[in-house]
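Hello,

Here is the structure we talked about handing over. Please open it first, then read the notes below.

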Amino acid sequence: QVQVVESGGGLVQPGGSLRLSCAASGSIFNIYAMNWYRQAPGKQRELVAGVTSGGSTNYADSVKGRFTISRNNANNSVYLQMSSLKPGDTALYYCNVQARAFPGAVRRNYWGQGTQVTVSS
């Protein structure tokens with residue numbers, strides 16, 4: 001089984017910065033894409049940013065130029081550096097890891113419990 005744990009959320013003023021971290025652990029054979037999603041109250045969960053195992057990245061239009069995703073394959077971690085934060089970025093942020101737990105296993109999506117980001121003055 002793969003465990004996914006996020007950290008780094010909190011309360012920040014508009015224009016401020018936060019860095020989210022996510023670590024995958026447990027029975028891991030291979031990790032493919034690693035993504036950050038978010039869900040605001042009353043809204044659907046949306047993809048914020050993703051990074052492939054080869055390092056290619058993609059971003060939601062709403063965060064381009066403000067957020068940067070990166071990963072460390074050596075310790076199965078992914079990070080989200082968030083800058084110029086806006087009240088509209090307020091949401092529960094989830095880490096998503098696509099992985100195989102052992103050779104021959106089906107590739108599955110694993111999710112963390114989420115970390116709250118609140119942007120408010």
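The largest nonpolar core holds 31 residues. Within this core, W36, L80, M82 and Y93 have the most contacts. Please keep in mind that this is a predicted model.

Which strands build the core? At least two residues each come from β1 (2-7), β3 (18-26), β4 (30-39), β5 (46-51), β7 (67-72), β8 (77-82), β9 (91-100) and β11 (115-119). The top contributor is β9, with five residues.

Y93 deserves a look of its own. Leaving aside neighbours within four places in sequence, Y93 is in contact with W36, L80 and M82, among others. Its contacts also include E6, L20, Y37, R38, V48 and F67. G114, T115 and V117 are on the list too.

Next, the sheet. Four strands form an open sheet in the order β1-β3-β8-β7, and the pairing is antiparallel. β1 and β7 are the edge strands, each pairing on one side only. From one strand to the next, the twist averages 15 degrees.

Inside that sheet, β3 and β8 run antiparallel and are joined by six bridges. Across this pairing, S21 stands opposite Y79 in β8. Y79 also has R19 over its face, 4.2 Å from the ring centre.

The charged end of R107 sits over the ring of Y32, at 3.7 Å from its centre.

How many aromatic pairs does a search of the whole structure find? One.

Best wishes

Methods. Residues are numbered from 1 along each chain as its sequence is written. This is a predicted model: local features need pLDDT of at least 70, side-chain atom pairs count only at pLDDT 80 or more; totals for chains, interfaces and linings use all residues. Side-chain values use heavy atoms; hydrogens and water are left out. A nonpolar core is a set of buried Ala, Val, Leu, Ile, Met, Phe, Trp, Tyr and Cys residues joined through side-chain atoms within 4.5 Å. Buried means under 20% relative accessible area, exposed over 50%, partly exposed in between (1.4 Å probe, protein chains only). Contact means heavy atoms within 4.5 Å. Rings of Phe, Tyr and Trp (its six-membered ring) pair if their centres lie within 6.5 Å; planes under 30 degrees apart count as stacked, over 60 as edge-to-face and the rest as tilted. A charge sits over a ring if NZ of Lys or CZ of Arg is within 6 Å of the ring centre and within 35 degrees of the ring normal. Two strands pair if DSSP finds at least two bridges between them. Axes are lines fitted to C-alpha atoms, for helices over the stretch in contact, and angles run from 0 to 180 degrees between N-to-C directions.
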